[in-house]
Amino acid sequence: MGSAVAERARDCKHEMEHSSLHSQIKLYVEAWDVLGACKVEEAIREKYSLDNLSDALKKLKITATDSTADSLEGCLDCLLQALAQNNMETSEKIQKSGVLQVFASLLTPQSSCTAKVANIIAEVARNEFMRNPCVDAGLIPPLVQLLNCKDQEVLLQTGRALGNICYDSHTLQSQLINMGVIPTLVKLLGIHCQNAALTEMCLVAFGNLAELESSKEQFAYTNIAEELVKLFKKQIEHDKKEMIFEVLAPLAENDVIKLQLVEAGLVECLLEIVQKTVDSDKEDDIAELKTASDLMVLLLLGDESMQKLFEGGKGSVFQRVLSWIPSNSHQLQLAGALAIANFARNDGNCIHMVDNGIVQKLMDLLDRHVEDGNVTVQHAALSALRNLAIPVVNKAKMLSAGVAEAVLKFLRSEMPPVQFKLLGTLRMLIDAQAEAAEQLGKNVKLVERLVEWCEAKDHAGVMGESNRLLSALIRHSKSKDVIRTIVQSGGIKHLVTMATSEHVIMQNEALVALALIAALELVTAEKDLENAQLVQILHRLLSDDRSAPEIKYNSMVLICALIGSEPLQKEVESMAFLEVVSKLRSHENKTVAQQASLTEQRLAVES
């Protein structure tokens, strides 16, 4: 009937296009009658379908335990058909009927209906409002048991059902992990790797579960790395590779799995992708290049995996990564610089790389990004240089190579990540390098920029590093010229504020720098020290029982230096320092106790 009505409606439309106005009006009326008939037929079909659904639900609830497989299958087919027509409404009816509890008893490997039951559960669990009822009906335990089944259709529908029930719920996903699904799914992937649908189901499950930290330990005890790499090597389509990448990325955050992936040959796959896609302008290839190179960098974050790939600086992987730095691809430049920064995580690697010319490659890369450069590349290259500058033997070599000058070109950058790495690199370079510290400390543009960044309250990292570099310039140069430059640029107040930092190392660096200022250029800095209320801060530090021993010691050294200034001495006298210091003579730390005695004598003489 339906096809005949629809055909007549089409005939009406055709006749209208070739008729007079009077005839068209007549045909419009006829067409409306035809369309009305269609709606009536549709309503009849819907009522018939709903009646069938209601009957099927009643039948299932009453006779599920002792019905024949054929009659059960008919009921289940009816439910699947109704779900296909209107999933949400049918799901509501299934919930209200109480048939979900019946499904738990039907989920057995022996039943021929199991795949259909699991399929129905998968379909209803697509609706968020149905997930808790599925859990409450006790469907998860029998579904988990079915993952040990050999029937591929049952496995597929079971995986879908569990995935939909637990979708976006870390609590339920954790429950699955505790029930041991991870080793089972990894085993399934190995056994059924020829079944595309089952493979995809496993990958989706891995992608969801791998986001949870608790899953990674379990994954590490399976051969997931081997299975994924094996699967990856077979893939040609971009979408399939992308799906595997989405599993690899969270798994590769675990150091044990990083090493397993390296040993399984993932790096060779990634390098091959880079080689194939680097010159392509296709969207898929560009995305693949980014994913592969990012994953490569992630693998290098593990100490063992990084060292295995470095191979004493002679490894083929390390050599390939070096070739990325001069590449014309920003993505490869970025990945290359980040990889070097990761290789530069121990002194031996850093010394080898500096001796073999890596510094010049990084400076050339930075040079390409000075004017309107790529911020991520700038940040990565500066990160690599900072790490390379940590070993003492590298500092002078890198300074001679012109690294400080190369880094200073980015002084005008307004990007906090670049500013942060720039500051860290300079601070590493001048550590125990008096000449370089003096040269940089007399650079007015640099010092003025540091003073400006010391007030960058929105960027705590930049603010902290600026303070630390100001202090380092004084501590390593011990130069009057540097102190004068910092005083003239308004840096003293920031060093005084730094002495109140919550980080002991920063407090200490500030106090040592301030002691050098007081010893070398007290007259020049006197007014600024007074305005910054240094004496009051020192009194607070000495009175506070929570202050670390080195803070108390350096505060007393500084007090002794400050009393060489008449206005500062008056402040010291007015604040009863003698009382505070005398208590410290019995401090448990001998160095503090000795300095307290010396300070007390000095204060007594001056008063």
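Good morning. Please note at the outset that the model before you is predicted.

I begin with the whole chain. The protein has 607 residues, and 52% of them count as buried. Its secondary structure consists of 39 helices and zero strands.

Let us turn to empty space inside the protein. Rolling a probe the size of a water molecule over the atoms shows where such space is left. How many cavities of 30 Å³ or more are counted here? The count comes to one. The largest cavity has a volume of about 40 Å³. Its lining is made up of Leu 189, Cys 193, Glu 227, Lys 230, Leu 231 and Lys 234. Which helix supplies the largest share of that lining? It is helix α14, residues 224–234, with four residues. Sorted by class, the lining holds three nonpolar and three charged residues, and no polar ones.

My next topic is the aromatic rings. A pair of aromatic rings is described by the distance of the centres and the angle of the planes. The count for this protein comes to five aromatic pairs. One of them is formed by Phe 310 and Phe 318, in an edge-to-face arrangement, with 4.8 Å from centre to centre and 65° between the planes. The angle qualifies as edge-to-face because it is over 60 degrees. Both Phe 310 and Phe 318 are buried. Ring pairs also bring in Phe 343, so that Phe 310, Phe 318 and Phe 343 are linked into a cluster.

Most residues other than glycine have a negative phi. Glu 311, however, has a positive phi, near 45°. Glu 311 is located in the loop between α19 (303–310) and α20 (316–324). Is Glu 311 buried, partly exposed or exposed? With 49% relative accessibility, Glu 311 counts as partly exposed.

A second case of this kind is Lys 478, which is not a glycine and yet has a positive phi of about 45°. Lys 478 also belongs to a loop, the one between α30 (460–477) and α31 (480–488). Lys 478 is classed as exposed because its relative accessible area is 54%, and exposed means over 50%.

The place of Asn 119 is in helix α6, residues 114–124. Asn 119 has a relative accessible area of 18% and is therefore buried, the cut-off being under 20%. Which residues does Asn 119 contact, leaving aside its neighbours within four places in sequence? They are Leu 80, Gln 157 and Arg 160. Asn 119 and Arg 160 are 41 residues apart in sequence, while their C-alpha atoms are 7.6 Å apart in space.

Gly 207 lies in helix α12, residues 196–209. A relative accessible area of 16% is the reason why Gly 207 counts as buried. From Gly 207 to Ile 244 there are 37 residues in sequence and 8.5 Å in space, C-alpha to C-alpha.

Met 363 is part of helix α23, residues 358–367. Its relative accessibility is 9%, so Met 363 counts as buried. Leaving aside neighbours within four places in sequence, Met 363 is in contact with Ala 401, Gly 402, Val 403 and Ala 406. Met 363 and Leu 382 are 19 residues apart in sequence, with a C-alpha to C-alpha distance of 9.1 Å.

Finally, Asn 394 sits in helix α25, residues 392–400. What relative accessibility makes Asn 394 count as buried? The value is 0%. With neighbours within four places in sequence left aside, the contacts of Asn 394 are Cys 350, Ile 351, Val 354 and Leu 388.

To close, I return to the whole: this is a predicted model of a protein with 39 helices and zero strands, in which 52% of the residues count as buried. Thank you for your attention.

Methods. Residues are numbered from 1 along each chain as its sequence is written. This is a predicted model: local features need pLDDT of at least 70, side-chain atom pairs count only at pLDDT 80 or more; totals for chains, interfaces and linings use all residues. Side-chain values use heavy atoms; hydrogens and water are left out. On a 1 Å grid over the protein atoms alone, a cavity is a set of points where a 1.4 Å probe fits but cannot get out, and a pocket is an open set with protein on both sides within 12 Å along at least five of seven lines; lining residues have an atom within 4 Å of a point. Grid points are joined across faces, edges and corners, and a volume is the space filled by probe spheres set on the points. Helices (H or I, at least four residues) and strands (E, at least two) are DSSP runs, numbered from the N terminus. Ala, Val, Leu, Ile, Met, Phe, Trp, Tyr, Cys and Pro count as nonpolar, Asp, Glu, Lys and Arg as charged, and the others, Gly among them, as polar. Rings of Phe, Tyr and Trp (its six-membered ring) pair if their centres lie within 6.5 Å; planes under 30 degrees apart count as stacked, over 60 as edge-to-face and the rest as tilted. Buried means under 20% relative accessible area, exposed over 50%, partly exposed in between (1.4 Å probe, protein chains only). Contact means heavy atoms within 4.5 Å.
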